[in-house]
Amino acid sequence: MPDQTPTRAGALRDMTAPDYFRAFDHVRPPVLAPMTERRRLIWQLAAAFTLGLGAWYLHWRWTASLNPDALLFSAAVAGAETLAFLGTLLFFYDIWEEGDTPRAAPPRLPAEAALPPGAVLSVDVMVTTYDEDVAVLEATLEDAARLVVPPGWTVRTHVLDDGNRPLIEALARRFDVGYITRAGNRGFKAGNLRNALTLTDGEFVVICDADTRLFPTFLDHTLGYFRDPSVAWVQTPHWFYDIPEGEPRRGLMGRAIGWLTGDTRSGRDPYLSGSMMFFDVIQRRRNRHGASFCCGAASIHRREPLFLDALDQHRGDRGRQAFGAGLRRFAARMQPLQPFRFHVSEDIYTSILLHGDGGKDAGARWRSVYHPQVESKMLSPWSMEAWSAQKLKYAGGTLDLMLRVAPTALPKMPWKVALHYAATFWSYVSCLVLVVLLAAPVITLFTGLSPVATYSVTFFLHLLPVLLANELAFTLGAKGQDGHQGRVQSVATLPITLRAFWLVLRGKRVRFAPTPKIPLFSASLRFVWPQLLILAVMAVALGYGVAQHVLGSEAHSVPLLIVNAFWIAWCGSAFLRVVLAALWAPKGAQTSATSGATVKKELSHV
C-alpha cells in the first residue's frame, strides 16, 4: 500500500468533524496474494523443526532441569511451558496451509444457487445501526447504492435502526431503502437482525455494520460460492482504512521507545487495529476445512440454514421439511425462533451451531467459505475507551461460548473443524498460562529461587534454538503480515482477558456498547492502570534483583539476571504499547470529557 502520510496528517487536523473519514476515501486496500508453494514448504519445514526442538526442550526440562530447591515453583513453570508448547502446536495446525475456494460466477437460476422451490434470486443488504452519526450511515448507503447487481438478481437495502431516530428514517427515505425498527432493544444487534429477518424475504442476507462500506464488486465476487448447496455463509476480510500511519520517532527517547516496543513510528496504529494477520493468515487457512467463522460485518448468508437451525432448536428435525414461504410466515409469528442467538458474540455463536449442524442431505454439514480479498472498508476504534470495551466483548463472548456452548456443539463437528475452534478458545484460555510465565521472573528476582536447576550453558543450548526456530517459523507463516502485533495484544490485554474470565465464571454476561465511529479522545490512564501496576512490579523486581547481585547475593547470578531481565523487557514492551496508546492523540484533536465516563459505565455493566 502506498504511503499516505501527508494526506492522513491533513485528515487529522479536525478530529471533531463527524465525516473525518472522507479524507481517507482514496486509500486502497492491500492485495492479499496466496502463499507460494515454495514458501509453504519452507514454512512447514520451519514449523516441524520448531515443534521437534520444542519437544526436545520439554523432555530435557522435565527430566534434567527441575530445581530441587524449589520443586513446586519449578514444576509450575515447566507445566506452563508445556501448555504453551501445546498452544503452539494447535496454532501451527490452525495456519498449516491455505486452501482458497475457487470463485465462480453468480448463479443465473435459482436451481444453480441450490435454492428451495419457489425461491428467487434475491439479496437483502442489512445495515445495523444504533447511535452512529448520520454522516457514517450516509457514506455506507452511498456505497450500497453502487453495488453491481448480477443479471437476474434483485437487491434491497434495509437500515435496521435500533435507535428509532427520525433523522435516520429520513435518510433511508432519501436513499429509497427500507427502514426497519422495533420496540425496545432486546438482544441488541442479534435481536435487531432477528427482527429484520422475520420482516424480509431475500434468499441471501448481507450483514453490515453502520460503517461497513461495501465495494461495488461485493455481490459479484461472493454469490458464486453459493452454487455449492452446503455453503451457509461467506465471510470477507475486515479492512480498516483509517488507521494512522504515524510519524518516525525522533530523539533519543523516541528511538529508545521504538527499540523497546518494536514500533518505530509514533502514532502508527496506536490501538493495534490492524486485522490482516487474523484475516489473511488465520481465517484464510481455516478455509481449507470450511471452518472460518462468521465475523458479522461484510458477510453474506444463505437464509435457509439460519432458519433451519432455529427450527431445529424449536421443533426438532421435522422442521426441515417446512422451509419456504410457509416457514417465513411461521417465523414471523413465533417469538422463540432464533436465527441469531441473543449473545454478545452472536456471529461466532451462529457459526458454531451451523458448523455442527446437518445440511439438507443426510450426513452433510453446513460449511463456510472465506473469500480472501477485501470487499469492503470499515472504521477502526479511535479511543482507548472503545479499545477496552471491544477487547472485553471479544474475550467475554468467546469464553462464555467455550464454557456453555462448545462442550455440546464441538462433538457434533468434524474433528478438523472442531480443532480450529479449539485454537480460538485456547487463544483466550492461555491467559492463565501467561500469568504463570509473567509471575515467574518476578518471583525469581525477589526470592532468588530459579525455575531451573541452573542457568548453565546446557540451559541456553536447549532454550535458544527453540526460541530462534519459533521466531523464524512464525515469520514465515505470517507471510509478511504483522504477526508481532498479535503477540503484543495477547500480553497487553491480559488484565482484560482475566476480567472477562472472572465474569464468565461467575455467570455474568458481558454487555457491549456500539464502538464509536468518530474519534473520541480522552488521554487518561484509568483504562490501563492494571498494565501500569504490572510494569511497576516488574521494574521493582528487576531493580531488587540487580541490587542483590551488587550486594553479593550468590542466588542473583549474572545469567539469572540476564534471562529474567530479557523476559521482563519483552513483556513490559507489550504493556508499554497500551500505556502509550492511552496517552496518544493526533495533533489538533480535541479530547472528549464524556466519552470515557460513558464507556467506563458500559464496562461496568455485566
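1. Let's start with a single cysteine. Cys208 has a relative accessibility of 1%, so it counts as buried (buried means under 20% relative accessible area, exposed over 50%, and partly exposed in between, with a 1.4 Å probe and protein chains only). Cys571 is buried too, at 0% relative accessible area. As for disulfides (pairs of cysteine sulfur atoms within 2.5 Å), a search of the whole structure turns up 0.

2. A word on what you're looking at. This is a predicted model, where local features need pLDDT of at least 70 and side-chain atom pairs count only at pLDDT 80 or more, while totals for chains, interfaces and linings use all residues. Residues are numbered from 1 along each chain as its sequence is written, and side-chain values use heavy atoms, with hydrogens and water left out.

3. Now the overall picture. The protein chain has 22 helices and 11 strands (DSSP runs numbered from the N terminus: H or I with at least four residues for helices, E with at least two for strands). Of its 606 residues, 55% are buried. Take the contacts (heavy atoms within 4.5 Å) with a separation of 6 or more: 82% of them join residues 24 or more positions apart. The chain exposes about 25800 Å², with carbon and sulfur atoms supplying 62% of that (areas come from the Shrake-Rupley method with a 1.4 Å probe; for residues, only the protein chains shown count as cover).

4. Which residues touch the most other members of the largest nonpolar core? They are Ile352, Met384 and Tyr421, in a core of 97 residues (a nonpolar core is a set of buried Ala, Val, Leu, Ile, Met, Phe, Trp, Tyr and Cys residues joined through side-chain atoms within 4.5 Å). Helix H21 (residues 558-583) gives this core its largest share, 11 residues. Leaving aside residues up to four places away in sequence, Met384 touches Tyr271, Phe527, Val528, Val578, Ala581 and Ala582. Another core lies apart from this one, with 30 residues, including Leu121, Leu171, Leu214 and Ile300.

5. On to the sheet. It is open, with 7 strands in the order E3-E2-E1-E4-E9-E6-E10 and mixed pairing (two strands pair if DSSP finds at least two bridges between them). Strand E3 (178-180) and strand E10 (367-370) are at the edges with a single partner strand each, so one side of each has no neighbour in the sheet. From one strand to the next, the twist averages 25° (axes are lines fitted to C-alpha atoms, for helices over the stretch in contact, and angles run from 0 to 180 degrees between N-to-C directions).

6. Look at the pairings themselves. E1 (residues 122-129) and E4 (residues 204-208) are parallel over 5 bridges, and Met126 stands opposite Ile207 in E4. E4 and E9 run antiparallel, joined by 4 bridges, with Ile207 opposite Ser299 in E9. E6 (residues 231-235) also runs antiparallel to E9, with 3 bridges, and there Gln235 stands opposite Ser299.

7. Finally, Leu171, which lies in helix H5. At 3% relative accessibility, Leu171 counts as buried. Not counting residues up to four places away in sequence, Leu171 touches Val134, Leu137, Glu138 and Leu141. Its C-alpha atom is 9.3 Å from that of Val159, 12 residues away along the chain.
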